[in-house]
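Please look through the sequence and the 3D structure shown here before reading on. The report below is meant to be read alongside them.

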Amino acid sequence: GDVSKVNLCYTLEDVSNDKMAATGKISGEELESTKFNRIAFDTIENCRNKEFLLTVWSESATDVDGISLYFQPQMENGTELRINDEKTDGTLIMKTITNRFDFETFCVFLILVGFMYFFMKVLYKLFK
């Protein structure tokens with residue numbers, strides 16, 4: 001249906017201290033059908049091994065005009081999915097993108113470059 005008047009609202013709450021980490025609202029006009037839509041918010045520091053609660057709802061939705069989110073029927077470990085406050089077996093289909101320097105990936109890249117360098121040296125000496 002027509003979602004131009006519908007808004008997708010969200011909150012991301014840190015469960016350990018009941019503090020809102022992020023909140024926002026996206027107009028239905030900005031959302032693309034059958035695509036991954038970006039929900040951007042500020043970086044949350046010191047969140048390793050913390051539990052967060054993501055709540056998503058729509059405003060001004062009707063039975064005909066609304067926004068749908070997809071989930072898969074498999075449960076991920078340590079997660080819970082509730083739809084209209086009713087526990088559902090499944091996992092919301094989402095992906096996270098972090099724009100940060102990843103030291104582990106950088107080290108693996110350096111090791112790979114070093115391996116290729118020494119491998120080429122060995123091959124050069126072998127066929128010389």
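## About the model

This is a predicted model, in which local features need pLDDT of at least 70 and side-chain atom pairs count only at pLDDT 80 or more, while totals for chains, interfaces and linings use all residues. Residues are numbered from 1 along each chain as its sequence is written, and side-chain values use heavy atoms, with hydrogens and water left out.

## Aromatic pairs

The structure holds three aromatic pairs, where rings of Phe, Tyr and Trp (its six-membered ring) pair if their centres lie within 6.5 Å, and planes under 30 degrees apart count as stacked, over 60 as edge-to-face and the rest as tilted. One of them joins F115 and F119, whose ring centres are 5.9 Å apart with planes at 15 degrees, so this pair is stacked. F115 and F119 are four residues apart in helix α1 (residues 103-126), and therefore about one helical turn separates them; helices here are DSSP runs of H or I with at least four residues, strands are runs of E with at least two, and both are numbered from the N terminus.

F115 is exposed, at 54% relative accessible area, whereas F119 is partly exposed, at 43% (buried means under 20%, exposed over 50%, partly exposed in between, with a 1.4 Å probe and protein chains only). Another pair is formed by Y117 and F118, with ring centres 5.3 Å apart and planes at 75 degrees, so it is edge-to-face.

## Paired strands

Strand β1 (residues 7-14) pairs with strand β2 (residues 19-27) in the antiparallel sense over eight bridges, where pairing requires that DSSP finds at least two bridges between two strands. Within this pairing, Y10 stands opposite G24 in β2.
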